[in-house]
Every structure is written in structure tokens, then in C-alpha cells.
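My notes are below the display.

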Amino acid sequence: TIHARKVIIDVLVLLGPKDFITITKGLNSPEWYVVRNIIYVLREIGDVRAVDYLLRTVSHPDVRVRIEVIRTLGELGDARALAPIIECLEDDPEIQLKYTAIRALGSLSTDAARDVLINKISDKDFLSKEFNEKKEYFQMLSRWKDQETIDSVTRILMKKSLFSGSKVIENRACAAYCLGLIGSRKTLPLLY
């Protein structure tokens, strides 16, 4: 049952730090749900040693496992996780994996992750993305409250275009949303 699985997972979280290597052996299971549960256990343990093992499972054939791996890599905050997270952003057909990768960049909270988000937003192809995906990028970008982020988002807010008008308006709306989440008083006149 689901309840029994949850109890076992909670026990593994408690016992995992004592025998970390044994827990990681579960990543080799042929059953996708076992692998996903072990990844969850590793995330709850929070040991950075898990990154080495998790990087091997990023290319797992099941998307549910890949989503859990990317989420865990983001939350563990190791710089080695940046490359596989970026790979998931590259036109993967699975939108949930993309959203998880965007959120993982936000969880990393490094300048390199911020730069990836800004570069993706500045890319020409960003205009053609769906509104919800754009909003996700800007929402994660709002975690950085530094001047460089504010300046980048302000440029997008002020941008106007004759062509692709509705897409530019979507970007501007997302930029306004981002600036609102950042909460800088300096940007209030622009938002008004």
C-alpha cells in the first residue's frame, strides 16, 4: 500500500546516513518506482555525496525518475548539477521535466544558474515558448534580488516591438510579475 511504502521510505531516511552506500544500490533497480523512491530518500537525507550517484541516473529511460533526479540535484545545490539541468531545458518534449529543471535552477541559487536563466530569457526562441513556461522562468529568476537581475528584467519590461506584439507583451507581463516578486522599491514607478 501507499502508506506502507511511505513508512519504509521514512525508515530508510532515518537509517540512510548510517549505511549510505547500501541505499545507493537501489538506484540500479530495474523497477522505475524503486529508483524514484531511492532518489527521494537521498534527497531527504541531504548528503552531497549522493550527487555522484544521481548524476549517473539523469539519463534514466523513465521520465518520472528523471524528474525526481533533477529536483533532487537542484535541492542538493551542488555545482556539478548545472550541466544536466541545462540539458533538460533543451527542447525536451516532456514539459514537466522542463518545469522541474527551471525550478532546479532556482533552487541552485548560484550566479551561474541565474546567468542560465537570463540567457534563456534573452534568446530569440524564448518568444515562441508558451506563456506558462515563460512565467516559470521569470518566477525562478525572481529569487535573485541583485541589481544585475533587476536591470535585465527591467530591459525586458521596457522592450516594445511592432512584430510579434502579443509575444512581446507576454514577456513584458512576465517581467512585471518578476519585478513584483523581487520587491524592489526602485522599480515601482516602472510597474505603475
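These entries go through what I looked up, topic by topic.

**Ground rules.** I am working from a predicted model, where local features need pLDDT of at least 70, side-chain atom pairs count only at pLDDT 80 or more, and totals for chains, interfaces and linings use all residues. Residues are numbered from 1 along each chain as its sequence is written, and side-chain values use heavy atoms, with hydrogens and water left out.

**α5 and α7.** I looked up how helix α5 (residues 63-76) sits against helix α7 (residues 95-108). Helices here are DSSP runs (H or I, at least four residues), numbered from the N terminus. The two pack at an angle of about 10°, with their axes 7 Å apart. Axes are lines fitted to C-alpha atoms over the stretch in contact, and angles run from 0 to 180 degrees between N-to-C directions. α5 and α7 are therefore roughly parallel (angle under 35 degrees). I then listed the contact residues (heavy atoms within 4.5 Å). Among them are Ile67 and Ile70 of α5, and Leu97 and Ala104 of α7. By class, this contact has eight nonpolar, four polar and three charged residues. Ala, Val, Leu, Ile, Met, Phe, Trp, Tyr, Cys and Pro count as nonpolar, Asp, Glu, Lys and Arg as charged, and the others, Gly among them, as polar.

I checked Ser109, in the loop between α7 and α8 (111-122). Ser109 has a positive phi of about 55°, although it is not a glycine. Most residues other than glycine have a negative phi.

α8 has 12 residues and reaches 16 Å from its first C-alpha to its last, close to the 16 Å expected at 1.5 Å a residue (1.5 Å times one less than the number of residues). Its buried residues (under 20% relative accessible area, 1.4 Å probe, protein chains only) include Val116, Leu117 and Ile118. They pack against α6, α7, α9 and α10. In α9 (residues 131-141), buried residues include Tyr137, Phe138 and Met140. Those of α9 pack against α6, α7, α8, α10 and α11.

**Cysteines.** How many disulfides does the structure hold? I found zero (the cut-off is a pair of cysteine sulfur atoms within 2.5 Å). The sulfur of Cys178 is 9.2 Å from the closest cysteine sulfur, in Cys174, too far for a bond. Cys178 is buried at 0% relative accessible area. Cys88 also counts as buried, at 6%.

**Lys145.** Lys145 lies in the loop between α9 and α10. Is Lys145 buried or exposed? It is exposed, with a relative accessible area of 52% (the cut-off is over 50%). Leaving aside neighbours within four places in sequence, I find Lys145 in contact with Ile150, Leu181 and Ile182.

Technical notes: Parallel < 35°, antiparallel > 145°, perpendicular 65-115°, else oblique.
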